[in-house]
Amino acid sequence: MLINHHQHRSTTLALITLCAILTSACGDSTSNQANAIDYTKTYTASNGGTLIDAMMGEPSGLIAMIAGESAASAIAGNIFNSLLKYDKNLELSGELAQSWDISDDHKTITFHLKPNLKWADNQPLTSEDVLFTWQKVTDDKTRTPYGSDYKLVIKAETPDINTFRVTYAAPYAPALETWASLHILPKHLLKDQDINTTAFARNPIGSHYYKLEKWKNGQHLKLTRNINATQGQAKIDHLMSRIIPDKAAQFLELSADNIDSMGLNPIQYARIFPARPDLNKNIALYKELGSSYTYMGFNLKRKPFDDIRVRQAINYAINKQEIIDGVLLGLGEPVASPYKPGTRWSNPELKPYAYDPAKAKALLKEAGYEDRDGDGILDKDGKPFSFEILTNQNKEREMTGVLIQRRLKEIGIDANIRVLEWASFLGRFIKPKEFDVVVLGWSLSLDPDQYSIWHSSQQALGQFNFISYSNSKVDKLLEAGRLELDPDKRMKIYHEFSKILLEDSPIVYLSAGYGLTAIHKRVKGISNPAPPAGIGHNTYEWYIPKAYVRTEMSEN
């Protein structure tokens, strides 16, 4: 799943967005020692052990500003720090910074770093590293979708090794939040490197709780505790993320006690687990509405998707509730704006396009599409209305594509589905904009600024506006929203932005799904019920009692 520039960083665990419909039946779990252990016993917190989770896709690299995807951020978030972070109540607090001051005119922020910070290689971490990172993210040669936030800084300086100061031309509402999103990189290792191609992305040195121990292509990434961690020591010794692109295979591994954590799909959560007392004995389930949504996006540079009537017609032709009920088993919410339902930024007056095939056909006829040859497929200028729906290996999205395909066929559109492995999907099709239509997801931030996704200036290679959306009214609203400090006025700006976006229909909002996470009960220290930041807010405090530590699995 692509992410935007304000995604809240996870620490130990990527709370993976819903992904798949189970494609194979699961029988009883394989016999293993875990089934004989009573995980309800109470133990004092202890250090040690390995936590193993499963990832759908392999990161393209571990410099998050370059990779721009959730798989990279999930791993890199354990290796690198930012100046600030969100606490369990979603309030900003210090990470590398111990304090910060904001000038009376709201244009200058001065960050005071904690003393004696070190990188994992024992070199000092100073304000020079922060300045270097800012210089890299704002360098036009750096292929990053995140630069626009930081280019608003007109002056960055380091009065001393523990002080970093930035000045903006005008007050910038999301300013502090952006400094909770930028991983600080080591100048001494990257100053002479091309950040777009450096081998550092495969073998990084960071400052957070963990450091990379091993990356076995296509199989797993293993992290080990960093003794120089700037935030102190995490309790679990090792984190291993196994790359298992199929949810059914992940589920079998979870059942066999070969992994500790995974993101479940709705069938696994709502149907398989209730029927399997053996699993409930060993595995705890967690449910929370995530800050993400699934959508179908049009390549607006390709005909006929440059015609608003065609986009709106397709929106009316798709039954969103059918997708929520059929794919998510009801474990999702309809959406009509690019914000989490129930938050102040989500415009309550907006409703999703109704399922209305008749209206869809009328709009398509107005746009010149009719079935002139009687083959059941609409045509125009002698060409049938046919296109390809592209998505990545993700059973939930594949099933969504099938339902969309069926509904489009009913109104005379021939849609084919193509499923690709993530790296190929991103590199060969998304970045160079070689697609008709995509089914994807956005994971969003706490701050409502979505300049990097929707502003017309953000369409270059590797930037997030890869569907090539352009609307001058939206541009002005996004620009105004970044400068407005009054929360109520900002809300009105983003409500108006959402209204225009819904009418333009550059994407079809499909659903906002719940995060459904399974974690083995050997893992202790998890907050339940979860605070506003979710169960992953304190993963450094999670621990595995010595009695429950698994025998290390072979990595060969």
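Student: Before we start, what kind of model is this?

Tutor: This is a predicted model, where local features need pLDDT of at least 70, side-chain atom pairs count only at pLDDT 80 or more, and totals for chains, interfaces and linings use all residues. Residues are numbered from 1 along each chain as its sequence is written, and side-chain values use heavy atoms, with hydrogens and water left out.

Student: Which order do the strands of the open sheet have?

Tutor: Here is the general idea: strands of a sheet pair through backbone hydrogen bonds, either parallel or antiparallel. Helices (H or I, at least four residues) and strands (E, at least two) are DSSP runs, numbered from the N terminus, and two strands pair if DSSP finds at least two bridges between them. In this model, four strands form an open sheet in the order E5-E6-E8-E7, with antiparallel pairing. Strand E5 (97-102) and E7 are the edge strands, each pairing on one side only.

Student: How many bridges join E8 to E6, and how many to E7?

Tutor: Five bridges link E6 (residues 108-113) with E8, and five link E7 (residues 153-160) with E8. Then look at glutamate 157, which has arginine 165 in E8 as its bridge partner. A hairpin connects E7 to E8 through two residues.

Student: Is strand E8 mostly covered or mostly open?

Tutor: Mostly covered: in E8 (residues 163-168), five of the six residues are buried, meaning under 20% relative accessible area with a 1.4 Å probe and protein chains only. Helix H2 (residues 70-79) is also mostly covered, with nine of its ten residues buried. Among these are Ala71, Ile75 and Ile79.

Student: How do helices H16 and H17 cross?

Tutor: Axes are lines fitted to C-alpha atoms, for helices over the stretch in contact, and angles run from 0 to 180 degrees between N-to-C directions. The axes of H16 (residues 472-483) and H17 (residues 487-504) come within 9 Å and cross at roughly 160°. H16 and H17 are therefore roughly antiparallel, the word for angles over 145 degrees.

Student: Which residues meet there?

Tutor: Contact means heavy atoms within 4.5 Å. Residues of H16 including Val474, Leu477 and Leu478 meet residues of H17 including Ile493, Tyr494 and Phe497.

Methods:
Buried < 20%, exposed > 50% of the residue type's maximum accessible area, 1.4 Å probe, protein only. Parallel < 35°, antiparallel > 145°, perpendicular 65-115°, else oblique.
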